[in-house]
Amino acid sequence: MNFSIGSNDIVFVLTGAGISAESGISTFRDSGGLWEKYRIEDVASPEAFEKNPELVWKFYSTRRKELKRVLPNKAHTTLAEFQKKHKNTYIVTQNVDNLHERAGSVNIIHMHGTLMGIKCTSCGYYEENLEDIEGIKFCPKCKNIARPDVVWFGEIPYFLDTIYELLSKIKLFVGIGTSGLVYPAASFVSIAKRFNAKTVFINKERFFNDDIDLFIEGNASEMVEKFFNSIQII
Ligand code: APR
């Protein structure tokens, strides 16, 4: 593990549910993960919301409440510390939790939205909070139905222009705790490689992808610290 980067080089970190697992937030596809307990089609698509908004709101209200019980772990805090040393570090997260923010990170790009965000389906009203929501949330402005500001299956992730622009300029790509199964995030490592970045993955379970230069198998809380502390900034 010997990586060196120049002080102006851009570091791109892609995080997924695995980075928050040790904080106590369920992943999606591990055994016991959220998609074993719920069907994606019932709670995470525009069609599901159309069909049963109560169920969808219940799913997200439970997850919003969970955020008040969990804390960032060593992987989140290591990234925040690293950003103090190397400002040109961007965290592109698929996670809708707020653990990167709470660990003190900056330059966070929430490509799948956040649990904190609520938006009106009609007038564009938007608010951010973690108030408990019982039942369906309605827009305080126009009284139409509101929805969680989370990107569902079939919807286009946020900030893709910024993300692709960054990917074309980076020197180091680090994927952390993501199964690499959901697109477009799953393609980022290959795009980074095409632009000659060094590519690293830190994940509990190994998977194979020819575009990954270094795969570090293990828990994020331990391996993220080891890897980021080994980076030399020259
Ligand atoms: N440390 C590192 N990796 C871990 C840990 C851990 N402690 N625990 C689990 N993992 C790994 C798992 O081995 C798995 O490969 O994290 C990965 C989590 O994968 P998913 O559950 O598929 O989560 P993610 O990749 O973030 O999912 C992408 O899918 O359903 C959607 O919108 C949702 O943003 C999410 C997207």
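Select domain 1 (4-24 + 72-112 + 157-233) and domain 2 (34-69 + 120-150): both give residues to the lining of the largest pocket, so it lies between them. The domain bounds come from an automatic or database assignment. This is a predicted model, with pLDDT of at least 70 needed for local features and 80 or more for side-chain atom pairs, while totals for chains, interfaces and linings use all residues. Numbering runs from 1 along each chain as its sequence is written, and side-chain values use heavy atoms, without hydrogens and water.

**The pocket**

Stay on the largest pocket, with a volume of about 840 Å³. On a 1 Å grid over the protein atoms alone, a pocket is an open set of points with protein on both sides within 12 Å along at least five of seven lines; a cavity is a set where a 1.4 Å probe fits but cannot get out; lining residues have an atom within 4 Å of a point. Volume is the space filled by probe spheres set on the points, which are joined across faces, edges and corners.

Show Ala17, Phe28, Arg29, Thr178 and Ser179, the closest to the centre among the 42 lining residues. Next, colour helix H1 (17-21), helix H5 (53-66) and strand E9 (198-203), which each give two or more residues. H1 gives the largest share, 3 residues. Helices (H or I, at least four residues) and strands (E, at least two) are DSSP runs, numbered from the N terminus.

**The cavity**

Now find the 1 cavity of 30 Å³ or more. The largest cavity has a volume of about 90 Å³. Select its lining, including Ala17, Phe28, Arg63, Glu66 and Asp97. H1 and H5 each supply at least two of the lining residues.
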